[in-house]
Number of protein chains: 2
Amino acid sequence: MNSKTFQDNYPDDLSQCYGCGRCNPHGLQIKSYWEGDEAVCRYTPEPYHTAIPGYVYGGLIASLIDCHSTGTASAAASRTDASAEGADPVVRFLTASLHVNYLSPTPISETLEIRAVIKEIKGRKVVVSSRLIAAGKVCATGEVVAVQVPEHLMPR
Amino acid sequence: MNSKTFQDNYPDDLSQCYGCGRCNPHGLQIKSYWEGDEAVCRYTPEPYHTAIPGYVYGGLIASLIDCHSTGTASAAASRTDASAEGADPVVRFLTASLHVNYLSPTPISETLEIRAVIKEIKGRKVVVSSRLIAAGKVCATGEVVAVQVPEHLMPR
């Protein structure tokens, strides 16, 4: 386990994201790190992150899967660079597509764990599969196609 | 156009949703209504709903598509009941699956418009297709499979 999270390695001008930017005080501040070949994120929902009473809002689940997956894509892309350490992403990824299957209502009183694996890396594209676990049960699965942020969208 | 939105028709105990519950003061307060056969939602992101600087966070886009689609499913299910008026949903839907394609970065300074149509209604399941438009351009598309909230999950 790396003590430094993927998101700690983003430069300040790419750390404004509402989901995972450490420089966004209004945001969710999602954090991700490697545990072996799986990338892990843990998040405890706020009481107001509700859907129907007692269960987590699906949009929050989508947000967690989204940012954890693009973070994992960044970390994996840097891992393929022999000169880079494990949790040292040098490039940022955007989401090209997001697919979430909600298998079971997710209890809001639990800390959620999202575990992601790399399914494919091809050029600037990385496909990340994930599952969201609450109280030992897989409540949702996700698949994100992430693409490296193009040069013309980078902050100057 | 109905002056009453789909979400205005949800009973109070099903109006806690972080995305669209009128009784959740922390939430996004998403509102939807019919314009002919299309259901429309308009939402202006807050400045902190950012991804990379200047563009809307993908998790917010997923949240808007999610709640607008389940609301549209509710309204459509009630429309098929000949005794019901257009925007008068009597049942609430959960998201079984959510798919978002991000076609183009979405500018954060614009009011976003999400336009949804019913693709299929089959028993307790409704499939909703949508597109998200900013400054006249389709920046994302969505498909949601919504299922009627089962009795055992309803508040008592």
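Trainee: In which sense do strand β3 of chain A and β3(B) pair?

Mentor: Heads-up: this is a predicted model, where local features need pLDDT of at least 70, side-chain atom pairs count only at pLDDT 80 or more, and totals for chains, interfaces and linings use all residues. Residues are numbered from 1 along each chain as written, chains are lettered from A in the order written, and side-chain values use heavy atoms, without hydrogens and water. Strands here are DSSP runs of E, at least two residues, numbered from the N terminus, and two of them pair if DSSP finds at least two bridges between them. Strand β3 of chain A covers residues 93-102, and with five bridges to β3(B) the sense is antiparallel.

Trainee: What is the area buried between chain B and chain A?

Mentor: Buried area is the accessible area (1.4 Å probe) lost on putting the two parts together, summed over both. Carbon and sulfur atoms give 66% of it. In chain B, the residues losing the most are B:Y18, B:I52 and B:Y57, together 22% of what that side buries. The total is about 2,900 Å².

Trainee: How many salt bridges does the rule find across the interface?

Mentor: The rule wants a Lys or Arg side-chain nitrogen within 4 Å of an Asp or Glu carboxyl oxygen. Between chain B and chain A, the count is zero.

Notes. Helices (H or I, at least four residues) and strands (E, at least two) are DSSP runs, numbered from the N terminus.
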